[in-house]
Structures are given as structure tokens and as C-alpha cells.
Amino acid sequence: IAERLGERSVVLVGLMGSGKTTVGRRLAQILDLPFVDSDNEIEAASRMSIAELFEAYGEPEFRALESRVVTRLAAEGRRVLATGGGAFMTPAIRDALKDRSITVWLRADLDTLMERVGRRGDRPLLKAPNPRAVMAGLIETRYPVYALADITIDSRNVRRETVATEIVSAL
Ligand code: S3P
């Protein structure tokens with residue numbers, strides 16, 4: 001697999017709660033590559049939490065920062081990179097990722113996503129009267145775009161081990 005990857009990274013895309021971070025950590029161990037989470041990098045670079053960034057500067061500023069961080073990370077190569085759910089929706093980010101890495105979409109259904117994000121109420125996009133409806137809307141608009149990833153893995157299976165192993169087989 002190391003040979004097939006070459007200088008490329010494995011990049012996980014998908015909605016909030018699809019398991020990008022937990023699966024990504026495990027996948028990185030299996031592949032013996034560093035793990036990087038783009039939201040963490042954004043938080044470290046700005047010394048603010050994602051929620052604070054959204055609040056202080058708004059979503060467009062956050063997306064601009066996300067573009068800079070993710071395209072830089074994608075160019076560095078040879079790592080497992082978990083991206084924030086909206087990153088792959090930005091055309092420039094998507095092009096950079098498609099160019100330089102193997103992209104993996106972790107697909108999950110609405111119930112699974114809601115159950116997982118429910119455990120941490122820190123997603124600014126879901127701070128709405130009806131977060132389930134917001135998530136359903138994101139499934140509608142984003143799934144056709146996530147489908148452009150090189151590999152699609154069903155992440156409904158809650159065991160991250162199984163999901164990570166499935167990705168390894170698909171690489
Ligand atoms: C977002 C997903 C979040 C974070 C931000 C916006 C999105 O990342 O980047 O809240 O647009 O889907 P996770 O997918 O890691 O929760």
C-alpha cells in the first residue's frame with residue numbers, strides 16, 4: 001500500500017459525525033502514517049475554536065482559512081488527513097485534494113450522524129432549532145459532491161476498526 005500511495009495522502013471527507021477523526025486515527029496507525037485533522041490545525045493556527053471562529057468572523061472567513069490550511073496540508077503528502085465536513089464542498093479544496101491524494105468518503109445515514117454529533121454539541125452549523133432538518137438538508141446538497149471522492153465507504157458500522165480495515169482493502 002505504501003508503494004501505491006507514493007507521495008499522496010489519504011483524505012477522509014464526509015459529514016459531521018461520519019467518523020472521519022476516529023476512523024482516521026485508526027487508519028493512520030494501520031498505515032503507519034501521521035494523522036492530521038484539518039479542524040485542529042485551523043484551531044491551532046487561529047488560536048480559536050471552530051465555534052469561536054464562526055461566531056467572530058462568520059462562515060465565509062472560516063471557509064477562506066479552511067482553504068488555505070487544507071490545500072497546504074494536502075500538498076505536504078503522506079499522511080491521513082481528516083477534513084471538516086464542508087471542506088470538500090469548496091471547489092478549490094476539492095481540486096487540490098483530488099489532484100494530490102486519495103479521497104475517501106465516509107457515508108452514513110441521518111440517524112447515525114445525528115446520534116454521533118449529539119454527543120458533542122459544538123458544531124456551529126447545527127446550532128439551529130431543528131438540527132436534524134439541517135443535517136437532512138446537508139445530506140441532500142452534499143452527498144452528490146462527496147460522491148466525487150475516489151472511494152466510498154459505508155461508515156454506518158459503528159466499529160471504527162471495521163471501517164478502517166475496509167478502507168485499507170479499498171486503497
Ligand atoms: C463543518 C464541519 C465541521 C467544522 C465546521 C463546519 C461543515 O467539521 O469544520 O463546523 O460544514 O460540515 P467536522 O465535519 O469535523 O465536524
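This is a predicted model: local features need pLDDT of at least 70, side-chain atom pairs count only at pLDDT 80 or more; totals for chains, interfaces and linings use all residues.
Colleague: How far apart are the end C-alpha atoms of helix H2?
Modeller: Helices are DSSP runs of H or I with at least four residues, strands are E runs of at least two, and both are numbered from the N terminus. H2 covers residues 20-31, 12 residues in total. The expected span is 1.5 Å times one less than the number of residues.

Colleague: Which residues of H2 are buried?
Modeller: Buried means 20 or more other C-beta atoms within 10 Å of the residue's own; exposed means 12 or fewer, and partly exposed lies in between, with C-beta atoms placed from the backbone. By that count, the buried residues are Lys20, Val23, Gly24, Arg26, Leu27 and Leu31.

Colleague: Which residue of S4 does valine 13 stand opposite?
Modeller: Strands pair if DSSP finds at least two bridges between them. S1 and S4 run parallel, joined by five bridges. In S4, the residue opposite valine 13 is tryptophan 105.

Colleague: Which residue in S5 is the bridge partner of leucine 106?
Modeller: S4 also pairs with strand S5, residues 151-154, in the parallel sense over four bridges. There, the partner of leucine 106 is isoleucine 153.

Conventions: Residues are numbered from 1 along each chain as its sequence is written.
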